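Please look over the chain below before reading on.

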Amino acid sequence: MASKDAQNQRSRGLPGFLPGAPDPDHSFHVSLPNPGNQVWQPTLPPPGSLPPGLEYLSQLDLIIIHQQVELLGMILGTETANKYEIKNSLGQRIYFAVEESICFNRTFCSTLRSCTLKITDNSGREVITVNRPLRCNSCWFPFYLQELEIQAPPGTIVGYVAQKWDPFLPKFTIQNANKEDILKVVGPCATCGCFGDVDFEVKTINEKLTIGKISKYWSGFVNDVFTNADNFGIHVPADLDVTVKAAMIGACFLFDFMFFEHSLAGL
């Protein structure tokens with residue numbers, strides 16, 4: 001009970017992130033916990049109205065995604081399959097994501113590679129599957145752009161993330177299972193993030209209201225140059241539908257591949 005009260009108090013204390021409200025100054029930042037002292041979130045009783053496994057997302061307004069450092073890739077300068085820890089605002093791990101792709105795609109298609117990301121809960125049950133086909137990634141060609149399919153549970157499509165053509169800004173839409181637009185995500189014109197966080201704003205369809213953001217946290221020069229590990233934070237209203245939150249986790253993976261996936265081979 002004490003852990004739950006602490007989490008609720010922490011969630012209520014996030015500045016500017018009441019349901020439906022934007023972060024007014026984009027100043028909120030989270031210090032990630034030491035992975036060596038891993039804390040796991042206790043199992044929650046699954047509400048019957050939610051897809052199995054997504055009950056962990058029902059009250060979260062902050063989702064932290066930490067990419068694990070691949071030592072083999074650092075040493076050899078090769079692209080290895082990505083792995084991510086997904087945590088709540090207290091640093092408790094709620095999911096673990098593993099990329100499934102063939103070595104040929106990682107070597108020759110690099111960041112454009114087709115892959116599947118399987119997300120499991122703390123009991124090892126697969127609760128979300130993210131499918132990424134091989135697609136283009138260029139502002140000069142408005143055809144066959146990036147797209148993700150989100151399944152929760154595996155086999156049941158609940159949403160998509162689709163890139164929209166724009167000559168200046170990275171733009172995406174979060175879609176439901178019928179490919180109807182729900183939210184828009186708009187990134188900055190420069191996504192290098194050399195000396196600070198990179199924020200992708202989550203907006204309503206008409207882009208008049210910002211309801212959250214997906215941030216790539218800047219972890220410093222040493223980490224950015226010598227590893228390919230990235231840290232992200234998804235800030236959303238706590239009452240946002242859990243399937244939309246699952247789609248935003250998929251969007252975070254897509255942004256990592258498209259804008260922040262680097263290896264020593266490219267230095």
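How many of the eight residues of strand β12 (residues 210-217) are buried?

The model is predicted. In it, β12 is mostly covered: eight of its eight residues are buried.

Strand β12 pairs with two strands, β11 and β13. Strand β11 (residues 198-203) runs antiparallel to β12, and six bridges link them. Within that pairing, F200 has I214 of β12 as its bridge partner. Six residues lie between the strands of this hairpin. In the hairpin, E207 adopts a positive phi near 65 degrees.

Strand β13 (residues 231-235) is also antiparallel to β12, with five bridges between them. Here N231 of β13 stands opposite Y217.

## The nonpolar core

The largest nonpolar core holds 50 residues. Inside it, I65, I86 and I119 have the most contacts. Helix α5 (residues 242-260) is the top contributor to this core, giving 15 residues.

Take I86, with its neighbours within four places in sequence set aside. Its contacts include I63, I64 and I65, and also I119. Q92, R93, I94, Y95 and A97 are among them too. I249 and F253 are also in contact with I86.

## The chain as a whole

The chain has five helices and 13 strands. Of its 267 residues, 49% count as buried. The accessible surface comes to about 12500 Å², and carbon and sulfur atoms account for 61% of that area.

Consider contacts between residues at least 6 apart in sequence: 48% of these join residues at least 24 apart.

Key: Residues are numbered from 1 along each chain as its sequence is written. This is a predicted model: local features need pLDDT of at least 70, side-chain atom pairs count only at pLDDT 80 or more; totals for chains, interfaces and linings use all residues. Side-chain values use heavy atoms; hydrogens and water are left out. A nonpolar core is a set of buried Ala, Val, Leu, Ile, Met, Phe, Trp, Tyr and Cys residues joined through side-chain atoms within 4.5 Å. Buried means under 20% relative accessible area, exposed over 50%, partly exposed in between (1.4 Å probe, protein chains only). Helices (H or I, at least four residues) and strands (E, at least two) are DSSP runs, numbered from the N terminus. Contact means heavy atoms within 4.5 Å. Accessible areas come from the Shrake-Rupley method with a 1.4 Å probe; for residues, only the protein chains shown count as cover. Two strands pair if DSSP finds at least two bridges between them.
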